[in-house]
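User: Hi! Could you walk me through this model in plain words?
Analyst: Happy to, here it is.

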Amino acid sequence: MGIILIVVLFGILGYVVSNKLKSKFRKYSETSLKANLSGKEIAELMLADHGIHNVSVNCVEGQLSDHYNPMNKTVNLSPDVYYGRNAAASAVAAHECGHAVQHAQSYAWLKLRSALVPIQNISGKILNFVLIASLFGGIALLGLPYEAVGVIVVGSFSMLTLFSLVTLPVEFDASNRALAWVKERNIVTPQEYGMSKDALKWAAMTYVVAALASLATLAYYFFIFFGGRD
């Protein structure tokens, strides 16, 4: 029951935050940017201002599907952001470029997050295998003791939780870089700056909820396998 409560609780919280983010994005998309720059133009300008000339800005399908890909050095913007000329689009475009700046400047938290990606992937596969096998008695057939299963589950989920926690400073720093740049470059008016800041705050909240959910789940697994045991 414990894990179900955690899933339901954070599922509802995540739904609320996600809806709030979409609502803010729609609201701020209705205000045309005084500078009349599109998200694509803002991204290219921010990259140029930081001396980054080997990162391309692309348009990708989806809503709020914006992301920076360090593997092929691309800033990928959804159509609403790529073509948008509003406070919401400027905030998202600058935020994704913030990640490109982090990459170019070898930002420590981003380097750590990138190093954790393969570990996270392997941990996720191990965790899924153990949990599925447990449902069908596979662990018992393998002869693994209860404590060993606990070590595998808690150890694997610890890596997933660590990845979620490391993601937080990466995302907050990218937003801080974006907001500082749009303000210094006079990309936005004071009113538009407030909108951009608010939009990025709610975007960051989605990562906060994910990290809290991961921590709660890790604590649950730890209690199940090791809580109250001598």
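**A chat about the model**

Analyst: Let's begin with I12, which is exposed, with a relative accessible area of 51% (exposed means over 50%, buried under 20%, partly exposed in between, using a 1.4 Å probe and protein chains only). Before going on: this is a predicted model, where local features need pLDDT of at least 70, side-chain atom pairs count only at pLDDT 80 or more, and totals for chains, interfaces and linings use all residues. Residues are numbered from 1 along each chain as its sequence is written, and side-chain values use heavy atoms, with hydrogens and water left out.

User: Thanks! Where is I12 found?
Analyst: I12 sits in helix α1; helices are DSSP runs of H or I with at least four residues, strands are E runs of at least two, and both are numbered from the N terminus.

User: And which residues form a nonpolar patch on the surface?
Analyst: I4, V8, I12, Y15 and V16 do, with about 500 Å² of accessible area together. Patch members have over 30% relative accessible area and no salt bridge, with nonpolar side chains (Val, Leu, Ile, Met, Phe, Trp, Tyr) joined within 5 Å and like charges within 9 Å. The areas come from the Shrake-Rupley method with a 1.4 Å probe, and for residues only the protein chains shown count as cover.

User: Zooming out, how many helices and strands are in the chain?
Analyst: Eight helices and three strands, in the order α-α-β-β-β-α-α-α-α-α-α along the sequence. The C-alpha atoms fill a box of roughly 65 × 35 × 30 Å along the principal axes, and 41% of the 230 residues count as buried.

User: OK, the inside. Which residues touch the most other members of the largest nonpolar core?
Analyst: L47, V57, V75, L77, V81 and I187, in a core of 34 residues. Such a core is a set of buried Ala, Val, Leu, Ile, Met, Phe, Trp, Tyr and Cys residues joined through side-chain atoms within 4.5 Å. Elements giving two or more residues to this core include α1 (2-29), α2 (39-49) and α7 (146-184), while the largest share, 10 residues, comes from α4.

User: What is L47 in contact with?
Analyst: Beyond neighbours within four places in sequence, L47 is in contact (heavy atoms within 4.5 Å) with I52, V55, V57, C97 and A100.

User: Last topic: which loop holds L64?
Analyst: The one between β1 (56-59) and β2 (67-69). L64 has a positive phi of about 55 degrees although it is not a glycine, and counts as partly exposed at 31% relative accessibility.

User: What about N186's phi?
Analyst: N186, also not a glycine, has a positive phi of about 55 degrees. N186 lies in the loop between α7 and α8 and counts as exposed, at 63% relative accessibility.

Conventions:
A salt bridge is a side-chain nitrogen of Lys or Arg within 4 Å of a carboxyl oxygen of Asp or Glu.
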